[in-house]
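Here's a quick briefing to read alongside the model. Have the sequence and the 3D view open as you go.

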Amino acid sequence: LETETLRQIDAADSETALEAVRVAALGKKGAISALLATLGRMSPDERKTQGARINALKDAVTERIAARRAVLENEALEARLKSEALDVTLAPPASALDRGRLHPLSQVMDELTAIFADMGFAVAEGPDIESDDYNFTKLNFPEGHPAREMHDTFFFEPGPDGRRKLLRTHTSPVQVRTMLTQKPPIRVICPGRTYRCDSDQTHTPMFHQVEGLVIDQTTHIGHLKWALEEFLKAFFEVKSVNLRFRPSFFPFTEPSMEVDVQCRRQGGEIRFGEGEDFMEILGCGMVHPNVLRNCGLDPDVYQGFAFGVGIDRLAMLKYGMPDLRAFFEADARWLQHYGFRP
Ligand code: PHE
């Protein structure tokens with residue numbers, strides 16, 4: 001019995017097989033248990049010698065089972081480690097490669113900058129947190145003028161000097177910063193983030209504009225129209241654009257115009273091109289003499305034009321995106337759909 005049981009233990013090739021051997025030997029109805037049961041019917045002398053032998057057998061079997069179990073467990077662990085091993089130096093399969101993409105806005109900003117660079121415009125920048133003076137006062141918004149209210153401004157708490165900083169409501173303060181620091185001729189664009197307390201399908205509290213400013217001695221409104229048309233043709237990659245110039249009002253330009261671009265709506269999408277609709281994309285005009293004066297330029301010598309384009313609107317029109325809010329929700333599926341592989 002001993003040799004046979006030990007042989008079976010060593011032959012067990014799984015923990016289940018080993019358990020079966022254990023039950024057959026040491027279980028309630030097992031062979032060794034049966035032997036132990038015979039002790040009761042023996043004489044005291046016999047019981048002493050046989051008892052010792054049977055118990056020694058039981059110990060030997062128990063020990064051998066434990067040893068075999070340890071071996072089997074170890075083998076199982078080895079096998080698992082082998083099958084689950086990960087070579088971190090291997091290249092991932094092509095299917096698992098989800099490369100980053102350029103956000104459509106970054107792409108559009110790059111396009112804008114390149115187009116205007118071709119037309120001789122340099123890039124100027126200003127901070128998102130702006131003073132009331134640069135955002136409004138120097139731009140000829142009188143104190144208490146309703147146009148200030150129209151901007152739905154995000155104001156900060158007043159500082160120790162009593163002045164309130166604000167999140168710039170347009171990129172026009174960069175006009176001021178540029179004129180205060182550069183001598184004409186000036187030809188700059190200023191792309192950047194702007195903020196207004198407003199949210200619906202075509203407005204988000206943070207949005208993007210690109211400002212344009214040209215100041216020289218003879219710059220006139222014809223140059224403005226030409227620059228805008230050239231820019232829009234290049235941006236939408238077309239031979240001609242259908243624009244609508246509407247008279248408008250901005251405190252910092254005179255005369256002022258708003259410009260709509262022709263578009264069509266298909267399904268939920270709004271796209272650039274021939275259609276029944278027009279979408280407003282920019283405001284523009286000739287820089288107001290008061291603004292020139294506020295920035296240290298003599299309006300009898302210098303004149304120029306400025307424009308401010310909604311970049312997000314441009315992106316919507318070019319790529320047929322129905323809802324502006326999706327731009328800033330960082331939904332990976334949306335980026336997958338509209339994002340560009342660099
Ligand atoms: N700053 C204006 C706006 O945000 C746009 C504009 C810029 C108008 C420059 C005229 C000249 O609405």
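This is a predicted model: local features need pLDDT of at least 70, side-chain atom pairs count only at pLDDT 80 or more; totals for chains, interfaces and linings use all residues.

Residues are numbered from 1 along each chain as its sequence is written, and side-chain values use heavy atoms, with hydrogens and water left out.

**The largest pocket**
- The largest pocket has a volume of about 790 Å³.
- Its lining counts 39 residues, and those closest to the centre are Arg196, Phe207, Gln209, Phe250 and Glu280.
- Two or more lining residues come from each of helix H7 (146-150), strand E6 (206-216), E7, E8, strand E10 (277-287), strand E11 (303-310) and helix H11 (311-319).
- E10 gives the largest share of that lining, with six residues.
- On terms, a pocket is an open set of points on a 1 Å grid over the protein atoms alone, where a 1.4 Å probe fits, with protein on both sides within 12 Å along at least five of seven lines; lining residues have an atom within 4 Å of a point.
- The volume is the space filled by probe spheres set on the points, which are joined across faces, edges and corners.
- Helices (H or I, at least four residues) and strands (E, at least two) are DSSP runs, numbered from the N terminus.

**The E7/E8 hairpin**
- Strands E7 (residues 243-250) and E8 (residues 253-266) run antiparallel and are joined by seven bridges; pairing takes at least two DSSP bridges.
- Two residues sit between E7 and E8 in this hairpin.
- Across the pair, Arg246 stands opposite Glu258 in E8.

- Glu254 is in strand E8 and counts as partly exposed, at 48% relative accessibility.
- Leaving aside neighbours within four places in sequence, Glu254 is in contact (heavy atoms within 4.5 Å) with Met286 and His288.
- Asp161 is in the loop between strand E3 (155-158) and strand E4 (164-167), and is exposed, with a relative accessible area of 55%.
- Buried means under 20% relative accessible area, exposed over 50%, and partly exposed in between (1.4 Å probe, protein chains only).
- Asp161 and Glu254 are 93 residues apart in sequence and 33 Å apart in space, C-alpha to C-alpha.

**Helix H1**
- The buried residues of H1 (residues 2-11) are Thr5, Leu6 and Ile9.
- Those residues are on the same side of H1 because they cover an arc of only 95° around the axis, taken from the directions from the helix axis to the C-beta atoms.
- They pack against helix H2 (15-26) and helix H4 (44-83).
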